[in-house]
Amino acid sequence: MSAALTERQDPSSAPARTSSRKLTERVFRIRESGIIAVLIVFVAITASIQPRFIDQANIQFVLSNTTVYALLALGETMVVISRNVDLSVGSVLGLSAYVSTNLFGHSPGIPVPVVFLVGLGIGLACGIANGLMVAIGRVPSLVVTLATLYIIRGIDILVVGGNEVVAQTLPSSFIAIPRANVFGVPYLAIVIAAVIGAGAYYLRSFRSGRELYAIGSNPEAARLAGIPAGKRVFTAFAISGGIAGLAGVLWAAQYQTIDSTAGTGYELTVISAVVVGGVAIFGGSGSAVGAAVGALLLSTISSALNVLGISPDWDQAIAGFLLLLAITLDRGISVKLTAALRKRSSGVGT
Amino acid sequence: MGPDGITPADGNAGPAPAADAHPADPLLSLRDASKSFGAVQAIVHGSIDLVGGEAHALVGENGAGKSTLVKILAGVHQPDTGSLFIDGSPVLLHGPADAQAAGIAVIYQEPTLFPDLSVEENIFMGRQPMRSGRRIDRRLMRAEAMALFDRLGVRLDPGRVCRGLSIADQQIVEIGKALSLNARVIVMDEPTAALSATEVGRLFDVVRTLRAAGAAVLFISHRLEEVFAICQRVTVMRDGRHVLTRELAGLTTDDLVRAMVGREMVQRPTGERGAPGDHVLKVEHLTREGVFTDISLEVRAGEIVALAGLVGSGRSEVARAIFGIDRYDAGTVLMQGRGLHRASPTAAMAAGIGFVPEDRRQQGLVMDMSVQQNVALASLGRLRKAGLIRAAAERAFAADWAVRLKLKYGKLTDPVSRLSGGNQQKTVLAKWLGRKPVLLIVDEPTRGIDIATKAEVHQLLVQLARDGVAVLVISSELPEVLRLGDRILVMREGRLTAEFGHADVSEEKIMAAATGQLQKQAR
């Protein structure tokens, strides 16, 4: 039958293996370098129109605006890579921000680290609840976290009532956190960058990190490879929740007035940042660094609109447009990549 | 992590055992396994002995119990009775992990890989070599993957992502993984079904390498020529029972076919070929850049035209362009003398074309929908009343076609995914026949289908032609091409290279035209 059609070919007639690797590497580097290029071009254009855009004050402003989003994006990246989504981060942030900083008013003199721990604890509890329902209950994460988005926000509204935490109740050491500078760079931005770096390193270099990619890339194959998918996904949600809890405390230090609307809508901004940063929305690829750059790009844009005197009303439209652009680019690259890889596919020509 | 579980051939394989039914010192031995699913007895007496250094073929029709046997070896199914011995000691496999630990690896027809991850990560996922601080040692991982491919004698870049790898390369990745797991028994479940001839050749080289290293290979295929080309011993199963185990030397294809089906295959008598009628399909100078060039062909009513050629020669692409799935850059497609809109399957269907695609699971069927819904899918317009599909009409329609095509199914409302491959293919055929097509295009009508059903599908296509339908068949299997084709067209690298009438054609002539040894002849 078709064996009769056998046309033998020496396997050594394969294209050199280095050429195809170079290609993959190039395209993969593009995944992040692309968005960095966009960022640089954007900054350059804006600065040429309005030099004030790159003065120290504005850079500081943009960086400290980015910190919360970039931190949230780290947790979201871990979840999205595993082919899940966490829509509850904004609500978790809001609840954590109020409950933790409300302690300053109730128990004056409470140490700042304890407040952070409380925020972390609230976030972890929410993340664990999400993780349990997704991993053990096997409910799609889109549904679970959509529900907890409302539930946690609802709890937040009940807890807050008509109150709010105001700046006067916050100790100055707490308020100073987002303002501390090292050579004009916000101290917090450096810490967050280090955290994101560590997260990216974890995802890249540890088995459990790689397994998150594996789960997102092909859940069935992950099961066959004996990967404890439930455990890994659960952990990703717990981390995402914990990070959102911490981010809530940082958010409070930055904005100092915390009512029940804190963090509303952040989940969508964060997911935008993640996707703009090159993380595949259906999992399997992307990096925490890319997601952080995505967050930086989004807040750079909103700052640029401000500096250029364009109405912030444009903010959302432009963010949405960028998202489309990112997804189109991503799709284009992956189609090109697949085609290119297919052509260079190993030693057998069909 | 040194993947050196396969000992050299002289280690434990020893000289080839004599031609008895149960060779000496088998690496793996399954004795009298039985397994039933509800009322269905999938395996009654499943027995097989696998010897190191030997490729052992397992053949049988679909439903003979091969897949169940494979799944028992893979640890997916636990047999109801019977026992499994590895190196002479009894083993119980509670799951795939146990099979892996016992040194059994299964290479499926379509491997499940991580498309976004690199080849090396696919091989070592969950078992990556580590350096200090439990970090993955990427360099070592790369080196080990390279070493695996060197041992297999294939060239594959371990650093590239798996997305875009051909099925053949994906299987190589799986085989590399099996090696890295120190597998000594490698089960290949119809690995060649989706491979081109060149890829089959390379896979065979890998099988030889594995044998030389002392592994036992269980090779499952519907293509008996392949069995003879690569295996030393064969086990035939029929109706869940072990029929025979022999050395292949001295056996013929006919012997195996007889053992599998208990009868000989009927060749199509010349009398079945009717006189072709009017032109139905006329394709002129059809070209799609980089895919196919200047394709002109015609199919008449009552005629079966077979399109032969190597996989990748552009046959399926021509069919897809005719049916309007893909665009074409130049040329025309005429149906019964009228031009057909390009890139519009709707127009093609309206003009009376039916298209049975190559990949029935992905393109031909909606796997989660029921048998009757799948059959009715292309005929919903006729089953509609006031915009609603009437279930009763749908059912009657599907039942009618199920009888005509001798479809074997549980209930018409069962999901089509529960049917065997052959019956799935019949379902796709029923779907298109229900529209009463003027022209039926069938791409690989019998891929992965057992021999008896294959004969039924052939008979069906012949009958259709006698009823005046124009049929265009694309097939990689030469006997099928010879049996069905009134005229045989051969493609090579995107061009038509030869045309033969059924009287003056032979396997050799088709092969020559398909591989380029016969240039500009016979046209």
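The structure is a predicted model.

**Helix pairs in chain A**

| Helix pair | Residues | Angle | Axis distance |
|---|---|---|---|
| H8(A) and H10(A) | 207-217 and 229-255 | about 105 degrees | 10 Å apart |
| H4(A) and H5(A) | 112-135 and 141-160 | roughly 150 degrees | within 9 Å |

Take H8(A) and H10(A). Their angle is about 105 degrees, and angles of 65 to 115 degrees count as roughly perpendicular, so that is how these two helices are described. On the H8(A) side, the contact is made by A:Ser208, A:Glu211, A:Leu212 and A:Ile215, while H10(A) brings A:Ala229, A:Arg232, A:Val233 and A:Ala236. Sorted by class, these residues are five nonpolar, one polar and two charged.

Now turn to H4(A) and H5(A), whose crossing is right-handed. The contact of H4(A) with H5(A) holds six nonpolar and four polar residues, with no charged ones.

**A sheet in chain B**

Moving to chain B, you will find an open sheet of four strands, ordered E14-E13-E16-E17, with antiparallel pairing. Strands of a sheet pair through backbone hydrogen bonds. At the edges are E14(B), residues 292-300, and E17(B), residues 338-339, each of which pairs on one side only.

To look at one pairing in detail, follow E13(B), residues 279-288, which is joined to the antiparallel E14(B) by six bridges. Within E14(B), B:Val299 is the residue that stands opposite B:Leu281.

A helix belongs to this picture too: H10(B), residues 315-323, lies across E13, E14 and E16 of chain B. Its direction is at about 115 degrees to E13(B).

**Two domains in chain B**

Finally, step back to view chain B by domain. The domain assignment gives domain 1 as 27-113 + 182-261 and domain 2 as 270-352 + 437-515. The C-alpha centres of these two domains of chain B are 35 Å apart.

Where they touch, eleven residues of domain 1 of chain B are in contact with ten residues of domain 2 of chain B. On the domain 1 side, helix H9(B), residues 253-261, gives the most, with three residues. That side of domain 1 of chain B divides into five nonpolar, four polar and two charged residues.

Terms used
Residues are numbered from 1 along each chain as its sequence is written. Chains are lettered from A and ligands numbered from 1 in the order in which they are written. This is a predicted model: local features need pLDDT of at least 70, side-chain atom pairs count only at pLDDT 80 or more; totals for chains, interfaces and linings use all residues. Axes are lines fitted to C-alpha atoms, for helices over the stretch in contact, and angles run from 0 to 180 degrees between N-to-C directions. Angles under 35 degrees count as roughly parallel, over 145 as roughly antiparallel, 65 to 115 as roughly perpendicular and the rest as oblique. Two residues are in contact if their C-beta atoms, placed from the backbone, lie within 7 Å. Ala, Val, Leu, Ile, Met, Phe, Trp, Tyr, Cys and Pro count as nonpolar, Asp, Glu, Lys and Arg as charged, and the others, Gly among them, as polar. Two strands pair if DSSP finds at least two bridges between them. Domain bounds come from an automatic or database domain assignment. A crossing is left-handed if the near helix is turned anticlockwise from the far one by less than a right angle, and right-handed if clockwise.
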